[in-house]
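Please keep the structure in view while reading.

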Amino acid sequence: RESDHRAWTPVSYTVTRQNATVQGLTEGKAYFFRIAAENIIGMGPFTETTKEIVIRDPITVPDRPEDLEVKAVTKNSVTLTWNPPKYNGGSDITMYVLESRLIGKEKFHRVTKEKMLDRKYTVEGLKEGDTYEYRVSACNIVGQGKPSFCTKPITCKDEIAPPSLDLDFRDKLIVRVGEAFSLTGRYSGKPAPKVTWVKDDIVVKEDDRTKIKTTPTTLCLGILKSVREDSGKYCVTVENSTGSRKGFCQVNVVDRPSPPVGPVIFDEVHKDHMVVSWKPPLDDGGSEITNYIIEKKDAHRDLWMPVTSATVKTTCKIPKLLEGREYQIRIYAENLYGISDPLISDEMKAKDRFRVPDAPEQPIIKDVTKNSAVVVWNKPYDGGKPITNYIVEKKETMATRWVRVTKDPIFPGTQFKVPDLLEGCQYEFRVSAENEIGVGDPSPPSKPIFARDPIAKPSPPVNPEAVDKTKNSVDLSWQPPRHDGNGKIIGYLVEYQKVGDEEWKKANLTADSCPETKYKVTGLTEGLTYKFRVKAVNAAGESEPAYVPDPVEVKDRLEPPELILDANMAREQHVKAGDTLRLSAVIKGVPFPKVSWKKEDHEVSPKADIEVTGVGSKLEIRNTVHEDGGLYSLTVENPAGSKTVSVKVVVLDKPGPPRNLQISEVRSDSCYLTWMEPEDDGGSVITNYVVERKDVASAQWVAISSSSKKRSHMAKYLVEGTQYLFRVAAENQFGRGPYVETLKPIKAIDPLHPPGPPKNLHHVDVDKTEVSLVWNRPDRDGGAEITGYLVEYQEDGADEWTKFQTVPMLDCVVTGL
């Protein structure tokens with residue numbers, strides 16, 4: 001019967017053996033069975049199966065896995081794959097077991113320690129040159145099945161095959177702009193080759209338009225929406241350790257040309273035709289220019305007319321023009337792939353190219369007198385027709401009207417002497433050229449000139465004198481001459497003569513080296529006496545000399561030192577620590593004084609930069625520290641005297657540590673701290689003190705006061721029996737100074753006092769040599785547990801007490817009396 005039914009179904013009535021096969025059962029259902037024996041008398045009782053039986057095929061171990069193959073071999077690894085068994089034994093495969101055997105050995109050894117369900121495995125860590133064979137088994141819930149057939153013996157060594165390359169493209173490829181193109185092929189090699197794409201020796205990188213796709217056997221470079229810049233020589237390299245193969249393709253991305261390069265040049269212009277030229281396009285579109293298309297248009301009409309479309313030259317004659325009309329020219333370039341955008345010329349009038357002469361260059365004026373001047377010019381371009389006349393004009397500089405200097409023709413000469421000038425007036429001149437077409441533009445005006453006779457030599461300089469001297473130089477000064485000879489004074493010549501000599505020596509070689517009315521004569525000998533004289537010079541020559549009245553003895557002029565203090569040397573100088581201290585002063589004196597800086601009458605710190613110039617001195621200390629403060633003095637000294645100035649420098653810094661930290665009045669929950677102010681307040685008032693404590697068992701300091709202005713503090717809230725360290729630091733406006741720390745920890749306990757006297761001492765027994773005593777505890781124990789009682793006795797009439805012993809309890813028997 002089925003396990004969920006109560007009715008029994010007969011199976012057989014004719015079984016004579018002790019077994020039977022039950023047919024017609026349903027797989028997956030559970031059944032009970034029963035059997036009864038029968039003889040001639042009748043049927044005996046039934047015997048029933050004790051538990052239900054579920055109908056299913058019997059489960060066995062799996063069959064052997066199939067198609068065990070070696071996929072890759074290197075010098076230290078083997079990669080294997082296989083297929084599952086044809087029959088899994090009636091239960092799912094739970095894992096595969098891969099085994100190997102070293103050729104020459106008998107036993108197979110398991111390769112995989114872990115539970116493996118993948119049907120691919122790489123055995124690693126093998127020894128190069130060793131030979132192995134492999135087999136694999138499948139496992140299910142029942143157990144491990146038969147192993148697969150063994151692989152052939154496999155020797156560990158790198159598989160090597162040089163690269164091969166099979167390309168799908170030719171050596172040359174032409175692509176229209178905007179189209180896509182791809183370069184594809186197949187390759188192989190062991191080890192797997194590396195694929196590299198290069199264009200014109202530059203590695204190709206992927207972007208929005210460029211795509212590179214490489215599989216283990218195929219390669220592809222694709223470019224979308226190609227542009228002209230994609231043209232070039234493409235090279236693909238397939239390379240591994242055994243060698244490399246290359247493939248090349250010259251890609252030409254073609255387009256219509258860019259426009260011809262302008263401007264359009266009008267080489268010739270006539271009343272009925274023109275000759276124009278231009279430059280080829282910068283980009284021919286990747287294909288040779290086959291021809292240019294030239295069109296013309298009347299500037300006042302909209303219709304373009306063809307001229308020619310069959311020229312490959314960059315010049316063209318434009319015929320059939322109407323005189324006086326303005327024209328524009330339009331030029332296209334054409335190649336196999338299209339026609340460029342046009343190049344359009346400026347407007348040009350059709351007329352003969354003969355015109356009036358150009359303007360001459362600026363004329364030059366020479367040989368000026370009080371009533372005449374000679375004007376000189378160069379011949380200009382004649383406009384295509386010969387020059388027949390020059391017109392010379394003059395005007396006074398302040399006037400506006402130009403006047404012809406003569407009505408007679410001036411030709412062929414290119415200079416003319418202009419008469420009838422007014423003495424002292426300032427004039428400008430200009431020149432125009434004339435041909436049969438007409439009169440050209442005038443030249444730029446000449447430089448203005450005054451109508452006056454040529455200049456004479458100037459008069460001597462006035463009142464030369466020696467204004468200063470040193471041990472090897474003399475400074476001279478004078479006034480300009482009263483008459484400059486009608487010419488600008490170029491400069492002055494200075495000469496000197498040693499007293500007793502006849503020869504005058506030049507202090508300066510040229511007048512333009514001394515344009516002003518002063519000069520320093522150098523290179524003189526100390527102690528000697530010299531005479532000096534000065535000459536004025538203009539374009540006409542040198543004046544007569546003017547003499548310095550008295551001979552001059554060459555020696556130093558003495559002036560005592562003088563100090564002009566800068567603002568940073570006034571009274572007291574405050575500098576914040578870390579900033580730069582600068583002290584400076586202007587120094588005067590002849591000769592220039594010797595400069596020395598001191599600090600508190602000692603040499604200044606080596607870190608100070610001291611600079612001395614010809615006009616002053618500067619002291620600079622970078623990154624100042626508190627020790628850089630003090631009294632700085634600057635002394636200047638020369639033979640005429642000395643001068644000293646001082647300035648007090650205060651470097652403002654954090655304060656020093658407080659002094660003499662003391663702890664008193666220790667209790668179980670508090671103690672009292674006192675200290676003295678730091679020796680050094682950092683140049684600024686102490687604003688507050690910071691007090692911190694630390695349990696000796698802790699690494700962390702805890703602030704207990706950070707704003708106290710007093711030099712004492714009651715530390716509260718201590719934990720009784722805990723040991724503490726304390727530290728204190730001072731603060732000013734520039735920061736917190738270093739801490740001062742207690743040398744040893746204090747314990748938070750109340751102070752100890754001796755206990756009070758025991759109470760009610762009396763005897764309870766007496767013998768001839770001993771006494772029994774008892775007493776009560778004292779009223780106070782002094783803050784600590786009582787450790788014992790000292791018993792003493794005294795003989796009546798004696799002065800001294802004799803110590804007997806210390807006892808722990810409240811009784812004692814005194815013996816030996």
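A charge is said to sit over a ring if NZ of Lys or CZ of Arg is within 6 Å of the ring centre and within 35 degrees of the ring normal. In this predicted model, the charged end of Lys297 sits over the ring of Trp304, at 5.5 Å from its centre. Arg34 likewise lies over the face of Phe46, 4.0 Å from the ring centre.

**Aromatic pairs**

- A search of the whole structure finds 15 aromatic pairs, and in one of them the rings of Trp278 and Tyr292 have their centres 5.5 Å apart with their planes at 70°, so this pair is edge-to-face.
- That pair links distant parts of the chain, since Trp278 belongs to strand S22 (residues 274-279) and Tyr292 to strand S23 (residues 291-298), 14 residues apart, and both Trp278 and Tyr292 are buried.
- Trp775 and Tyr789 also form an edge-to-face pair, with 5.7 Å from centre to centre and 65° between the planes.
- Trp775 lies in strand S65 (residues 771-776) and Tyr789 in strand S66 (residues 789-793), so the pair ties together parts that are 14 residues apart in sequence; Trp775 and Tyr789 are both buried.
- Trp377, Tyr390 and Phe411 are linked by ring pairs into a cluster.

**Annotated stretches**

- An unreviewed UniProt entry carries the annotation "domain: Ig-like" for residues 163-252 and 561-646.
- Residues 163-252 are 0% helix and 64% strand, with the end C-alpha atoms 28 Å apart.
- Residues 561-646 are 0% helix and 62% strand, with the end C-alpha atoms 16 Å apart.

Note on methods:
Residues are numbered from 1 along each chain as its sequence is written. This is a predicted model: local features need pLDDT of at least 70, side-chain atom pairs count only at pLDDT 80 or more; totals for chains, interfaces and linings use all residues. Side-chain values use heavy atoms; hydrogens and water are left out. UniProt positions are given in the numbering used here, feature names are shortened, and annotations may be inferred rather than shown by experiment. Helices (H or I, at least four residues) and strands (E, at least two) are DSSP runs, numbered from the N terminus. Rings of Phe, Tyr and Trp (its six-membered ring) pair if their centres lie within 6.5 Å; planes under 30 degrees apart count as stacked, over 60 as edge-to-face and the rest as tilted. Buried means under 20% relative accessible area, exposed over 50%, partly exposed in between (1.4 Å probe, protein chains only).
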